Amino acid sequence: MARLAAAAAVLVVGGSLAECRFQGRPQLTVRRAGFGKSSRGLSGGGDSTGGSGGVGSANVRQLREKAIDSGGSSESRTLPGSKPTYDGPPVAVVGGGLAGLACGLALRRLGVRAAIFDTGKRAPGGRASSKTFKRQGCTHIVDHAAQAFTAQGPEIRALVEEMEQEGVVQQWRGRVGSLSNTGQFTPRDETREGPLWIGSSSTGMAAVPTWLAAEQEVFQDVWVAKLEPVRGAPGAGWVLKTPKGKQLGEGRYSYVVMAHNGKCADRLINTLPEKTVAHAPLRCKFTAKASPTSDRLELSSLWVCILAVPRGSSPASFDGAFVESHAVLSWAGNNSAKYPRPQTGQSDVDVWTLISTAPYGSKNKCSQEFIPPEVRTKVSEEMRNAFCTLLGAPGVADSCEVLHMQLWGAAVPLNVCQQHFVHDAEARVGICGDWLTAPSVEGAMFSGLALADAVARELRGESLPSTPAQPFKRG
Ligand SMILES: Cc1cc2nc3c(=O)[nH]c(=O)nc-3n(C[C@H](O)[C@H](O)[C@H](O)COP(=O)(O)OP(=O)(O)OC[C@H]3O[C@@H](n4cnc5c(N)ncnc54)[C@H](O)[C@@H]3O)c2cc1C
């Protein structure tokens, strides 16, 4: 119990170059304590699960088939390689981003079955996803949300080591740093800031969620719209329902992990008949600038432009850079240099990911699903022109081709609620995600691992106290 209290109380700041630069402040040092001591078994082969067939091993299974509004499979089974030490109903994890997937993986390694429910149509991963673009026989791997990540804490370093051994992640050895708004590049100080990690050359950042999800029970393309307590008694378990009221997955779940944020998470938690400690931290609003303190999560919106730039025409002296104090752009990264592939050398273009600033995203916000053509044209031209002008080559803009535009409506948390997870002991509902610990890949995965540890102990009867959220503070 003392260990959990320590884990919940420690404020973790920073954690990623990206999160800091997205918010325009210098990188802070990660302070971590408490959870490290209680993370037994997290790095595989722990005493409760054994090590064979761990996630990402050669025995990788396909993700489960789609379970669109059908209620999913009612099959109850033991996952290969796991030795459950808790034989109650599984845990339901709503959200298959990095936090939810890390939580599910850690639960499995702690001997607790878990099922992940995610809206992703093709694969889980949320804001860690990649796309492929084919051009003249050459396939370009493109990261269109998370670009790179840190592994500063021991738990995430251990996970990343496993992934590295299996070729899922690699250190980014490219020229990465920051770009002044006049186009001057300053390389990142890796000795001081530690390595940056990227995905595999064959699938990009999407390799990370795929690895975390392998061998887990993942229900894809499902929208959890309602949480119902079993027989009306909070604590006796949960049933998950689709928007059409159909029951999802196995039926009864012993604990619900909310591993997503935004308006839909707020709506979902409010389907519960009674208030829990998970209600308050799921309230949110959208803004471009965080308040110093707030009673709710504040989320930015960001535009992403995928741009094909004729090879040799761009004078860029870097592979990835945070753009300082710019009105339109906050990041520019060359995917073709980041993930070189056998045929990439023959390509006539480099494919870049451009990410807008939060104020620009907020100013040009529209429906994420149905972007009006005039907004798409305006934003794509402005981002493309800003990039070429920044490089000192405005004339190149016309020969660049915009391959894809995406608005991340709920992009990056601007404030965090200063703890690793939220846990309601009575209702058996918890929250993990990047807006609790640190708004980054590392923060999301760490939050998932930390909540898994608490859930496993709760289900084994340790009767942990509830951990309500702290007030949100600007990150
Ligand atoms: C453009 C962009 C660039 C970024 N760059 C970086 C970077 O370079 N480095 C870095 O460290 N971080 C970066 N980040 C942040 C990083 O991507 C996130 O911190 C991290 O991926 C968050 O993971 P998560 O699991 O907390 O949330 P999410 O990834 O948002 O996962 C939540 C999941 O829940 C699903 N879901 C939602 N509602 C439901 C429902 N009702 N039923 C079922 N499923 C549901 C969603 O579809 C989603 O898959 C970036 C983010 C963006 C948007």
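Reader: How far is an oxygen atom of the ligand from a polar backbone atom of alanine 99?

Author: This is a predicted model, in which local features need pLDDT of at least 70, side-chain atom pairs count only at pLDDT 80 or more, and totals for chains, interfaces and linings use all residues. Residues are numbered from 1 along each chain as its sequence is written, and side-chain values use heavy atoms, with hydrogens and water left out. Threonine 119 places a polar side-chain atom 2.4 Å from a ligand oxygen atom, and a backbone N or O atom of glutamine 147 lies 3.0 Å from an oxygen atom of the ligand. For the polar backbone atom of alanine 99, the distance to a ligand oxygen atom is 2.9 Å.

Reader: What percentage of the ligand's exposed area does the protein bury?

Author: Accessible areas come from the Shrake-Rupley method with a 1.4 Å probe. Taken alone, the ligand exposes 1000 Å². Of that area, the protein buries 94%.

Reader: How many nonpolar residues does the shell around the ligand have?

Author: The ligand is surrounded by 37 residues (a heavy atom within 4 Å). By class, eleven of the shell residues are polar and three are charged. Nonpolar residues (Ala, Val, Leu, Ile, Met, Phe, Trp, Tyr, Cys and Pro) number 23.

Reader: From which domains does the shell around the ligand draw at least three residues each?

Author: Domain bounds here come from an automatic or database domain assignment. The closest residues to the ligand include Asp118 and Ala148. The shell draws at least three residues from each of domain 1 (2-125 + 210-288 + 414-474) and domain 2 (130-202 + 302-408).

Definitions and conventions. Polar contact = N/O pair within 3.5 Å; in protein donor to acceptor, adjacent residues only side chain to side chain.
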